[in-house]
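Dear colleague,

Please find below the sequence and structure I am handing over to you. My notes on what was found follow directly after.

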Amino acid sequence: MEELISRINTKIHIPHCKRLDRGVDYYLDKDTLCPNWGQVKKICSENVGADMPPLIKERRRKGSSPSGIVFEILLAGEATARRLQAAVASNPSSLGPLRQLASTRVDESYGAVTICVDMREGGGTSKGLHSMCDLLDGHRVPYVVREIKVADYLFFVNNKLAPVMVERKSVDDVANSLADGRWQRQQRNMRIAQYLLGGGKKRKCQMSYLIEGDVSKRTVHGGNVGRRSWGQ
């Protein structure tokens, strides 16, 4: 286990991906909610992916290491590793922001609801997306990160898409959007999606905005909030 942690850390080259910098005992604690170690546990599980068996297996072998725990790569893991190596060699690409909760099921306390987060939310991987995902991981909130073109957040109940769309904006972003026309374009896209998700003309789909920031505390000069004017 100690060698596995060391090897994982040598493969982390993205600034916003946290290293496994705690002792082994920390990760062995069943109450530890480390999202990074959760990814390791994920590929040990029976639910790695669609029709995909476990890739590695945790075994206890006294004397083999200080922790007495080793991880054995299975045949499915070897085959998957070879496919990934071939794919990377033939078509190199940058690492994407797609993430999800490392869990095989949705906790009953969340009512079988899973949040779908747009991959550009929080500024994307270069800014706050991974920090937000780490927070969701820490609270065991069921989520997936995907590309969403009609909103920042959608919701799934079991395997069905819920008729709810949420767009999140800061006060400054609202002002910028109104000024450069993005607000109108986003409204049109959301209205089309509302029509499709809400059963046609009935539009039984809730379209919501989450506005962050206190307007009363913003510095306003000549009608400007941030760099844009509310009057434009």
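Of the 232 residues in the protein chain, 32% are buried. Please bear in mind that this is a predicted model. The chain exposes about 15,100 Å², of which carbon and sulfur atoms supply 53%. Its secondary structure consists of seven helices and ten strands. Taking contacts between residues at least 6 apart in sequence, 56% join residues at least 24 apart.

The sheet

Five strands form an open sheet in the order E4-E3-E5-E6-E7, and the pairing is mixed. The edges are taken by strand E4 (143–146) and strand E7 (206–212); each has a single partner strand, so one side of each lacks a neighbour in the sheet. From one strand to the next, the twist averages 25°.

Strand E6 (residues 160–170) and E7 run parallel and are joined by seven bridges. Within this pair, Met-165 stands opposite Met-207 of E7.

Two helices on the sheet

Helix H6 (residues 171–180) packs on the sheet and touches E6 and E7, its direction making about 95° with that of E6. Helix H7 (residues 182–197) also packs on the sheet, touching E6 and E7, but the direction of H7 makes about 170° with that of E6.

How do H6 and H7 pack against each other? Their axes are 5 Å apart and the packing angle is about 90°. Angles of 65 to 115 degrees count as roughly perpendicular, and H6 and H7 are therefore roughly perpendicular to each other. On the H6 side, the contact is made by Asp-173, Val-174, Asn-176, Ser-177, Leu-178 and Asp-180, while H7 contributes Arg-182, Trp-183, Gln-184 and Arg-185.

An enclosed helix

Helix H5 (residues 129–138) is largely enclosed by the rest of the structure, because seven of its ten residues are buried. Those buried in H5 are Leu-129, His-130, Met-132, Cys-133, Asp-134, Leu-136 and Asp-137. Their cover includes helix H3 (35–42), strand E3 (113–118), E4, strand E5 (153–157) and E6. After H5 comes Arg-140, which has a positive phi, near 60°.

With kind regards

Key. Residues numbered from 1 in each chain as written. Predicted model: local features only at pLDDT ≥ 70, side-chain atom pairs only at ≥ 80, totals over all residues. Heavy atoms only, no water. Helix = DSSP H or I, 4+ residues; strand = E, 2+ residues; numbered from the N terminus. Buried < 20%, exposed > 50% of the residue type's maximum accessible area, 1.4 Å probe, protein only. Contact = heavy atoms within 4.5 Å. Areas by Shrake-Rupley, 256 points an atom, 1.4 Å probe, with all protein chains shown as cover. Pairing = 2+ DSSP bridges. Axes fitted to C-alpha atoms, helices over the stretch in contact; angles between N-to-C directions. Parallel < 35°, antiparallel > 145°, perpendicular 65-115°, else oblique.
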